[in-house]
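I opened the notebook to go through this model piece by piece. My entries follow in the order I looked things up.

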Amino acid sequence: MLPLKLGGCVESTARVHLYDFIVTSKAELAEEIWRVVICSPELSRTLRAGQFINVDVPGDRSQLLRIPLSFASIDQMAGEIELVVATVGDGTRRLAAMAVGQGSTVVGPCGNGWRLPRSEESRVLLVAGGVGIVPLLAAGRELAQKGIAFEAVIGARSASQLWGEQEFMDIGASSVLVCTDDGSKGFHGFTTQALQATDLTPFSLIMSCGPAPMMAGVAACAHKAHVFCQVSLEQMMSCGFGACHTCNVAMVAGGYKFCCTDGPVFNAEEVLW
Ligand code: FES
């Protein structure tokens with residue numbers, strides 16, 4: 001394994017608060033994938049890559065739970081937070097349907113974010129599936145600011161649901177490998193199959209977010225290549241602050257951790273897949 005010095009875990013040093021927000025812009029990026037930019041100036045100054053926010057989406061009050069969402073970028077000058085959601089559930093559909101200028105409330109910053117390398121000598125691989133791209137775009141931006149080289153492997157079911165290739169190139173990825181399950185663009189197959197055909201040993205860190213089977217596969221590839229791996233888990237959440245036990249993550253050492261307060265980013269070696 002290559003020597004790797006990581007920065008301190010991005011813990012919630014900023015206290016979790018309730019903030020107001022308004023939607024400032026939105027656009028459909030791909031089939032059932034929407035970018036929604038919200039303005040919440042105070043919250044935007046507290047967030048770190050890999051953390052999440054809990055959004056109260058107006059509408060059907062039978063849906064009382066907030067939606068936990070990662071962010072792709074922060075513009076602190078404008079006070080804006082860029083969200084990208086797959087409109088596969090009622091809550092995310094209602095979020096994408098919010099009008100520009102419409103507002104609600106959001107809780108954050110939640111959870112612990114990515115631990116990024118300290119050394120510019122590091123070489124990082126980002127592996128994402130679906131909207132798992134979102135927190136990795138935030139990570140990529142911080143890597144670029146630190147002068148750390150990174151490459152990306154992104155996957156989607158088909159080209160119509162693919163997004164993020166240009167976004168990763170725009171923030172400075174050395175390369176972006178696109179994978180589609182149906183072969184409609186790029187590598188025909190899963191991101192994990194692409195990784196199995198790749199020499200991972202030059203990388204000092206792999207960071208991954210996406211469906212759980214994908215992350216388990218990425219973790220296995222990283223383990224085999226002796227490369228340190230972090231994953232951002234997407235568990236079902238209810239409270240978002242460690243009270244309800246719905247987001248339990250089984251650990252190799254035994255017992256469980258909360259995805260919402262101990263994660264969502266974990267050392268892949270510590271997760272019981
Ligand atoms: S969502 Fe309630 S404990 Fe994590």
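**Helix H3**

I started with helix H3, residues 133–146. Its 14 residues reach 20 Å from the first C-alpha to the last, close to the 20 Å expected at 1.5 Å a residue. I then listed the buried residues in H3: Ile 133, Val 134, Pro 135, Leu 136, Leu 137, Ala 138, Ala 139, Gly 140 and Leu 143. Next I checked what follows H3 and found Gly 147, with a positive phi near 75 degrees.

**Confidence**

I noted that this is a predicted model. The mean pLDDT of the chain is 91. I read that 94% of its residues reach 70 or more. Over residues 8–12, pLDDT stays under 50. The model has 18 contacts for that stretch beyond four places in sequence.

**Strand S6 and its partners**

I moved to strand S6, residues 80–86. S6 is mostly covered, with 6 of its 7 residues buried. How many bridges join strand S2 to S6? I counted 7, and the two strands run antiparallel. S2 covers residues 33–39. In this pairing I found Ile 33 opposite Ala 86 of S6.

I then turned to strand S5, residues 73–75. S5 is joined to S6 by 3 bridges, also running antiparallel. Here Ser 73 stands opposite Glu 82 in S6. S5 and S6 form a hairpin, with 4 residues between them. I checked the turn and found Gly 79 with a positive phi of about 70 degrees.

**Val 85**

Is Val 85 buried or exposed? Val 85 counts as buried, because its relative accessibility is 2%, under the 20% cut-off. I listed what Val 85 touches, leaving out residues up to four places away in sequence: Glu 32, Ile 33, Trp 34, Leu 69, Thr 92, Leu 95 and Val 131. I also took one distance. Val 85 and Leu 95 are 10 residues apart in sequence and 8.6 Å apart in space, C-alpha to C-alpha.

**Cysteines**

Last, I went through the cysteines. A disulfide needs two cysteine sulfur atoms within 2.5 Å. By this rule I count 0 disulfides. For Cys 39, the nearest cysteine sulfur is that of Cys 110, 18 Å away. Cys 39 counts as buried, because its relative accessibility is 18%. For Cys 179, the nearest cysteine sulfur belongs to Cys 221, 12 Å away. Cys 179 also counts as buried, at 0% relative accessibility.

Notes:
Residues numbered from 1 in each chain as written. Predicted model: local features only at pLDDT ≥ 70, side-chain atom pairs only at ≥ 80, totals over all residues. Heavy atoms only, no water. Buried < 20%, exposed > 50% of the residue type's maximum accessible area, 1.4 Å probe, protein only. pLDDT = per-residue confidence, 0-100. Contact = heavy atoms within 4.5 Å. Expected span 1.5 Å × (residues − 1). Pairing = 2+ DSSP bridges.
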